[in-house]
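Here is a briefing on one structure. Look over the sequence and the model before reading on.

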Amino acid sequence: KFLRETDRDHLSRFLREARAQAQVGHENICDVYEAGIVDGRPFIAMRCIEGSTLAEEAPRMSIEEKVAVMAEVAEAVHAAHRTGLVHRDLKPGNIMVEPKPDGGWHPWVLDFGLARDTSVDTMTTIGMVVGTPPYMAPEQARGQRSAIDRRTDVYSLGATLYDILSGRPPFTGDSSVAVIMKVVSDDAPSMRAIDPSIPSDLDTIVMKMLKRDRNERYSSGKDLFADLRMFLNRFGPLFNE
């Protein structure tokens, strides 16, 4: 991965992405091998993933496959949280999937360029809004840096799962500002209102992830992983290895 722009802010974010990904060391987070500058161009050397983004592959996946992928992603994000990192830009385009030889998919979490290290962050309480609006938690959309924690990523995982299950993110609009206003002020509509075939217990899990009050969401990726695995129990060993 090469950086096209070389101003100080872009270079700082680029190197932060490399360091953030490298320090987690989880089987579902894309490996970073090296970062540096060659011929005046900053680069990150990462694992070559023989797959597609979740956004591209989801239309061809079953509900069970989608949930199994997101359960593994939740576990990976929990590993990042344990190191003090909050991703802040989880979405279908930042997750890649590779087919497993024995069936199913191996997910990889990418792009920690917006990751915030909560163990050392000393920036101001109110800051710029960063991220991708349809997948932002309300506190992130408001720019409330002090309120951003692991539950912020739980919301984004919920918006991602909502999107790949229903075919659209929880909130849409004509502009980023319109989407942000909905994220901040509205409750997400039930997925079953869009697609009644979605199981009600899965809808309940996703709607808990998307609570506007972060205290009402899953407190960690580990807790989310447990509920997603419980949902998958009915589908046999392929989805519970």
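Which residue takes a positive phi just after helix 3? Gly84 does, at about 100°. This is a predicted model: local features need pLDDT of at least 70, side-chain atom pairs count only at pLDDT 80 or more, and totals for chains, interfaces and linings use all residues. Residues are numbered from 1 along each chain as its sequence is written, and side-chain values use heavy atoms, with hydrogens and water left out. Helices (H or I, at least four residues) and strands (E, at least two) are DSSP runs, numbered from the N terminus.

- Three strands form an open sheet in the order 3-5-6, with antiparallel pairing.
- Its edge strands are strand 3 (52-53) and strand 6, each of which pairs on one side only.
- Helix 3 packs on the sheet and touches strand 5 and strand 6; contact means heavy atoms within 4.5 Å.
- The direction of helix 3 makes about 40° with that of strand 6; axes are lines fitted to C-alpha atoms, for helices over the stretch in contact, and angles run from 0 to 180 degrees between N-to-C directions.
- Two bridges link strand 3 and strand 5 in the antiparallel sense; strands pair if DSSP finds at least two bridges between them.
- Thr53 stands opposite Met96 in strand 5.

**The hairpin of strands 5 and 6**
- Strand 5 (residues 95-99) runs antiparallel to strand 6, and five bridges join them.
- Glu98 has His106 of strand 6 as its bridge partner.
- Five residues lie between the strands of this hairpin, where Gly103 takes a positive phi near 105°.
- In strand 6 (residues 105-109), five of five residues are buried; buried means under 20% relative accessible area, exposed over 50%, partly exposed in between (1.4 Å probe, protein chains only).
- Trp105, Pro107 and Val109 point one way from strand 6, and His106 and Trp108 the other way.

**Helix 3**
- Helix 3 (residues 63-82) has 20 residues and spans 29 Å from its first C-alpha to its last, close to the expected 28 Å; the expected span is 1.5 Å times one less than the number of residues.
- Helix 3 is largely enclosed by the rest of the structure, because 15 of its 20 residues are buried.

**Thr132**
- Thr132 sits in the loop between strand 7 (116-117) and helix 4 (138-141).
- Its relative accessible area is 18%, so Thr132 is buried.
- Leaving out residues up to four places away in sequence, Thr132 touches Asp89 and Lys91.
- The side chains of Thr132 and Asp89 make a polar contact at 2.7 Å. A polar contact is a pair of N or O atoms within 3.5 Å; within protein, one must be able to donate a hydrogen and the other to accept it, and residues adjacent in sequence count only if both atoms are side-chain atoms.
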